[in-house]
Amino acid sequence: MRLLIALLSLATYADSLYFHIAETEKKCFIEEIPDETMVTGNYKVQLYDPNTKGYGDYPNIGMHVEVKDPEDKVILSKLYTSEGRFTFTSNTPGEHVICIYSNTTAWFNGAQLRVHLDIQAGDHAQDYAQVEEERKLDENREKSLENEDFRLKIDENRGKCSEKLIF
Ligand SMILES: *[C@@H]1O[C@H](CO)[C@@H](O)[C@H](O)[C@H]1NC(C)=O
């Protein structure tokens with residue numbers, strides 16, 4: 001499992017591993033997680049389309065994500081959209097059970113769903129948080145640059161005014 005997770009982390013999201021579940025099926029993973037570790041799962045669910053014989057996006061599908069800690073306590077239970085990211089932080093070291101199932105109730109006669117999943121724990125997950133943090137900083141930096149520009153323009157105009165006053 002460790003190795004699998006490590007391999008999953010190496011793969012980019014576009015070609016990360018995927019598995020198939022039936023609409024009403026629940027898939028669980030066991031992941032050994034140290035204490036106080038942030039875990040991030042990037043996922044996307046697609047629906048089998050018999051017409052095209054391929055998997056296509058279907059935004060109306062929701063995904064339930066449920067995480068239980070080693071003491072069987074639910075630490076995450078949430079309905080997500082068909083594509084996105086879930087995050088949780090462990091409080092107790094040990095085996096965590098991560099379960100994923102769709103909110104469709106055989107709308108498509110129990111059609112197959114393809115779930116792309118990339119789980120990252122620890123450093124990589126923290127990197128995500130950091131990247132997000134840096135992105136926000138960049139945004140703020142851009143904003144303050146915009147303000148700077150604005151200020152310069154005002155100063156320029158002031159300069160023109162004072163010139164006019166002098167002449
Ligand atoms: C399933 O989840 C999606 C995404 O949250 C939501 O748009 C949809 O209404 C849900 N369907 C049902 C039957 O709850």
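**A loop, a sheet and a ligand**

Modeller: Let us start with Gly110, which sits in the loop between strand S8 (94–102) and strand S9 (112–121). Helices (H or I, at least four residues) and strands (E, at least two) are DSSP runs, numbered from the N terminus. Residues are numbered from 1 along each chain as its sequence is written. This is a predicted model, where local features need pLDDT of at least 70, side-chain atom pairs count only at pLDDT 80 or more, and totals for chains, interfaces and linings use all residues.

Biologist: Why does Gly110 count as partly exposed?

Modeller: A residue is buried if 20 or more other C-beta atoms lie within 10 Å of its own, exposed if 12 or fewer, and partly exposed in between, with C-beta atoms placed from the backbone. Gly110 has 13 C-beta neighbours inside 10 Å, so it counts as partly exposed.

Biologist: Which residues does Gly110 touch, leaving out those up to four places away in sequence?

Modeller: Two residues are in contact if their C-beta atoms, placed from the backbone, lie within 7 Å. By that rule, Gly110 touches Ala22, Glu23 and Thr24. Ile21 is 89 residues from Gly110 in sequence, and their C-alpha atoms are 9.3 Å apart in space. For the protein, 71% of the contacts with a separation of 6 or more come from residues 24 or more positions apart.

Biologist: How do I read a sheet?

Modeller: Strands of a sheet pair through backbone hydrogen bonds, either parallel or antiparallel. Two strands pair if DSSP finds at least two bridges between them. Here, an open sheet of 4 strands has the order S2-S8-S5-S6, with antiparallel pairing. S2 and strand S6 (74–80) are at the edges with a single partner strand each, so one side of each has no neighbour in the sheet. On average, neighbouring strands of this sheet are turned by 15° against each other, direction ignored; axes are lines fitted to C-alpha atoms, for helices over the stretch in contact, and angles run from 0 to 180 degrees between N-to-C directions.

Biologist: How many bridges join S2 to S8?

Modeller: Strand S2 (residues 26–33) runs antiparallel to S8, and 8 bridges join them. Among the pairs, Cys28 stands opposite Cys99, and Lys26 has Tyr101 as its bridge partner. Strand S5 (residues 63–68) also pairs with S8 in the antiparallel sense, over 6 bridges.

Biologist: Which residues surround the ligand?

Modeller: Look for residues whose C-beta atom, placed from the backbone, lies within 6 Å of the molecule. Asn60, Gly62, Leu79, Thr81 and Asn103 surround the ligand. This shell divides into 1 nonpolar, 4 polar and no charged residues. In this grouping, Ala, Val, Leu, Ile, Met, Phe, Trp, Tyr, Cys and Pro count as nonpolar, Asp, Glu, Lys and Arg as charged, and the others, Gly among them, as polar.

Biologist: What is the phi of Glu36?

Modeller: Glu36 has a positive phi of about 50°, although it is not a glycine. Glu36 lies in the loop between S2 and strand S3 (38–49), and it is exposed, with 11 other C-beta atoms within 10 Å. Lys53, also not a glycine, has a positive phi near 55°. Lys53 is in the loop between S3 and strand S4 (54–57) and counts as exposed, with 7 C-beta neighbours inside 10 Å.

Biologist: How many helices and strands does the protein have?

Modeller: There are 2 helices and 9 strands, in the pattern α-β-β-β-β-β-β-β-β-β-α along the sequence. Buried residues make up 17% of its 167 residues.
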